[in-house]
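Here are some exercises to work through with the model open beside you. Try each task before reading its solution.

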Amino acid sequence: MRKVKWTDIVSQIKSRSSGEVSITCPSCSHERKKKNDRCMRVNLTKGLAFCHHCSAVSVKDESPLVTKISYKLPKQEWSNYTQMSNNIIKYFEGRGISQATLKALGVSEEKYYQPQDKSEVNNIVFNYFEGDTLVNKKFRSGAKHFTQLSNTKPIFYNINSVINSEDVYIVEGEFDVLSMHEAGFKNTISIPNGANDNDEFWINCEAYLKKVKKFYIATDNDEKGEMVADKIAQRLGRYRCERILFKNKDANGDLVSGGADMVRESVSLSKKYPSSGTFTVEDLYDDMIGFYENGMPETFAPKHPCFGNLKNIFSVMRGHLVVATGIPSHGKSNFVEWYVMNLVNDYKMKASFFSPEHHPMALHQTTFVEKFYGKNFFINNFDIPRVTKQEVKRYKDWANEKIYITSAENGDFPTWDWLFEKFKEQMFVFGVDVFVIDAFNKLQHANSRQNELSSIREVLTKLTLFAQINNVIIFLVAHPRKMTTNELGDYQIPTLYDVSGSADFRNQTHDGFSIYRHYRDKEIDGDNIYKNQVQFFVEKIKMKFQGEMTKSETFNYDLPSGRYYVGNERPTFVFDQEDEPMVVKPKNIEEAFDTNELPF
């Protein structure tokens, strides 16, 4: 892999310090017949350069891509180990990969200790470069055992190849990168851990990928490969992704089976992910057949029995905006948190909460800890002890890549435009697919001259489109106008039409519900409702298979943990446990509500 010093780049560029330019490559142009061909593209703003002829790279020392996290670098004694053993060369040739490709991507051979072999063995070495810096080494033994250096920087394999590329191919392993390179697709990268998706390598490579216009997701043609492909598309935005399905399991399978022509044929048959734009019936045909064979689109509702019949009367879908309303202190925010935490746990989702009312942020996290364990964070309650320090650590391990808090920094006042940009960033970097905004009135409108009705309509339109285009779920908590009371002092139950500011909260949202807490015993439609019970009212569902309009479910509320449940048995399951422990009944359910000011 060729490297170029940044000083050799700037020597050709005199007056500019930002933007993009093309120059002759200091590494290869002097060797070529077309010596004046400007084959190297330089991004002066980012401090990056890449040659589209010889794949040489250059990275400015003070490039903004340099991470602030401290990683351990391997010894920078790497050299192009082209003198690989005949056995290794023949092995790669048997996989359809030439020695020229091995040289281009810096593949080497080295003896290294393999834990599974319990000895030092000969290995193929995939060297991970960022610019001209070696950041990691991954070792593969003849027995197909893998190990790598510890505490190194996680990045995509072959990340240098995407510098200044408009199109990028993403595969599932180093062999597939080599195979795609062999077939002519040099701008190919691989996730570093097979069919696994985590935040860290996305964070470290965000600056390389954020300006790419088109991604071709070419992970393995199997169940795990499809799952990780879906997660990658969710991060990157489906509107700029296409899916490649190889005729065999992966790119190398195609290369071995049918050579470079088969790889190119598979790539040529890539299919779009659903996105905005114009579609023919042909574009939608596969999805139509999928509905015919598999039934209705997937809906989401908490699975635990403590939710009673709720899953049958109300569920949510990707691409939907969900509005929750309720009288202040009736529990709408707390219920949304409980509902979303269960979605995260049941469907392996990730959620981001923008809740300015819940500060400081660390205190807000304690409410999630309580829901996680079914125990209070601060005090013992009845026969249930408070959360321990060890349990806080256990929650951290579970929630660290599942629950995110969104907040403005440096004294900035958050606006809707700021929040939409933050959501885009969180989708890409962290793979967030559920967003909670609590509450609507906590964000400033960009155009202060707009009247309130127009501002609300514009924001709700953007929220619904954002959810649809990015295939995410948005929960929006919105306060109602001041409600009137009856002769007994009971407030009216607010509907979405009662949300303060506009009837568009009912008209534009896809789904919605109202939370109402009862302050006295009463009978409603023949059912007994007791003091401090909480009712969930279905206000709107976009699709009839999501539930039933006007239906409701009645919950008890557990004050110590912030959990809701149907019936007399409070749920005591822990989110990261598959086996639920024995259910514990409170000694006195009424005693749990010893105050009218519940901490919602």
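Predicted model: local features only at pLDDT ≥ 70, side-chain atom pairs only at ≥ 80, totals over all residues.

Residues are numbered from 1 along each chain as its sequence is written, and side-chain values use heavy atoms, with hydrogens and water left out.

**Exercise 1. Find which residues of helix α2 are buried, and what covers them.**

Step 1. Locate α2 at residues 86–94; helices here are DSSP runs (H or I, at least four residues), strands are too (E, at least two), and both are numbered from the N terminus.

Step 2. Pick out Ile 88, Ile 89 and Phe 92, which are buried (buried means under 20% relative accessible area, exposed over 50%, partly exposed in between, with a 1.4 Å probe and protein chains only).

Step 3. Look down the axis of α2: its buried residues fall within an arc of 100°, so they line one face of the helix. The arc is that of the directions from the helix axis to the C-beta atoms.

Step 4. Turn to the face away from the buried side, where Asn 86, Asn 87, Lys 90, Glu 93 and Gly 94 are exposed.

Step 5. Now look for the cover over the buried residues of α2, which includes α3 (99–104), β5 (108–114), β6 (119–130) and α4 (174–182).

**Exercise 2. Describe the surroundings of Thr 188.**

Step 1. Check its accessibility: Thr 188 is buried, with a relative accessible area of 0%.

Step 2. Follow its side chain, which reaches the backbone oxygen of Phe 185 at 2.7 Å.

Step 3. List what Thr 188 touches (heavy atoms within 4.5 Å). Leaving out residues up to four places away in sequence, these are Tyr 157, Asn 158, Ser 161, Tyr 169, Val 171, Val 177 and Met 180.

**Exercise 3. Work out how helices α13 and α14 pack.**

Step 1. Find α13 at residues 416–430 and α14 at residues 452–470; their angle is about 10° and their axes are 12 Å apart.

Step 2. Classify the angle: α13 is roughly parallel to α14, a label for angles under 35 degrees.

Step 3. Identify the contact: α13 brings Trp 416, Asp 417, Phe 420, Phe 423, Lys 424 and Met 427, while α14 brings Val 459, Lys 462, Leu 463, Phe 466 and Asn 470.

Conventions
Axes fitted to C-alpha atoms, helices over the stretch in contact; angles between N-to-C directions. Parallel < 35°, antiparallel > 145°, perpendicular 65-115°, else oblique. Contact = heavy atoms within 4.5 Å. Polar contact = N/O pair within 3.5 Å; in protein donor to acceptor, adjacent residues only side chain to side chain.
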